[in-house]
Amino acid sequence: MEKKLNRLGYIDFGKGIAILCVVMGHLMYSDDMKSFANFLYSFHIPFFFFLSGIVLSLSGNFGFKKFCLRSLSLLLPFCSWGGVICIVLSKNMFSEYWFLSVLWLYTAGYYGFLFLGRHKKMASYFFMATALVFMTLTCIYTRNSIVYKVCYFSLSYVIPFVLGTVFLQIKSIIPKYNFLYLLFFAIAYFFFDGFNVELKNQLLKNVTGVCASLLLVQLCEKSNPDNRVVSLVSYVGRHTLIIYLVHYFFLEHIALSASLLAFCAYAMLAIIIVLFCLGIEKVMRLSEIMSFIALGKIPKKMNGCIT
């Protein structure tokens, strides 16, 4: 039991790092700060999908109840907050909250292959191969549609996600050649443009994402859980959903010029936004209905009804 707690601890720390990078990247989404934002875009979301794959692999074998609960926890916040952002900010819910829809798509595919094969590792590999072929063909032959957008985003993260689902099984045989991971990351990053919508660029993100994920997960595993900073970042990592959902509403009103002072200010703003989001979550958790609709937290009564 202690081993599992430690494992979840470093995953929380990794998710905390990733969501802070996401908020920073969105704050810096301007011409003045694009170069640093481009660096963050090369790995923060792939790392998120990598960690999501690990969490999914910890859920055990396929079960219809598990899939239903997981679907509700992803799609309810997507629909509820997507509706709010459409009305309040007049933005497309698929453009802003695409992560949840793509993660659900991956989850459905993974559970589907797991149901057919009953073997986690083979299910992951078959899912990755099928997803890459299907989504590449879809992106080539369909344009300017919701299906295209979902498949386009999905292509960037399918390999980090699948690597996450098998990571705990193959961890002992993965070489810890950090220099090579840095080298491959640097080569891929040289050709990478986080703001370019070409298909090649999305596929490159798999390379930068995998290399960065393997480096970051080692950093997280070596972290000291008793360290104050690590424990605070891990706490943030346990509440990434609300931060992801709410932080968009702050972005419209923030713009700073490029400088070292501005970078420090963006870092502080990211922390302040995260704290606001955590406060909003605490208020929402006071109501079971609000927690269910806005955060996808399944009430215990409903949990027992899904069999």
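Helix 11, residues 199–222, gives the most to the lining of the largest cavity: four residues. Helices here are DSSP runs of H or I, at least four residues, numbered from the N terminus. A cavity is a set of points on a 1 Å grid over the protein atoms alone, where a 1.4 Å probe fits but cannot get out; lining residues have an atom within 4 Å of a point.

This is a predicted model; local features need pLDDT of at least 70, side-chain atom pairs need 80 or more, and totals for chains, interfaces and linings use all residues. Residues are numbered from 1 along each chain, and side-chain values use heavy atoms, without hydrogens or water.

Back to the cavity. The structure holds one of 30 Å³ or more. The largest has about 70 Å³ of space, a volume being the space filled by probe spheres set on the points, which are joined across faces, edges and corners. Its lining includes Phe 167, Lys 171, Tyr 181, Leu 214 and Glu 221.

Next, confidence. pLDDT is the predictor's confidence in each residue, from 0 to 100. The chain averages 80, and 78% of the residues score at least 70. Among the elements, helix 13 (residues 240–246) has the highest mean, 93. Helix 17 (residues 300–305) has the lowest, 60. Over residues 1–6 the pLDDT is below 50, and beyond near neighbours in sequence this stretch has zero contacts in the model. Contact means heavy atoms within 4.5 Å.

Last, His 44. His 44 sits in helix 3, residues 44–57. Is His 44 buried or exposed? Buried, because its relative accessible area is 3%, and buried means under 20% (1.4 Å probe, protein chains only). Leaving aside neighbours within four places in sequence, His 44 contacts Ala 18, Cys 21 and Val 22.

Definitions and conventions:
1 Å grid on protein atoms, 1.4 Å probe; cavity = no way out; pocket = protein on both sides within 12 Å on 5 of 7 lines; lining within 4 Å. Helix = DSSP H or I, 4+ residues; strand = E, 2+ residues; numbered from the N terminus. Buried < 20%, exposed > 50% of the residue type's maximum accessible area, 1.4 Å probe, protein only.
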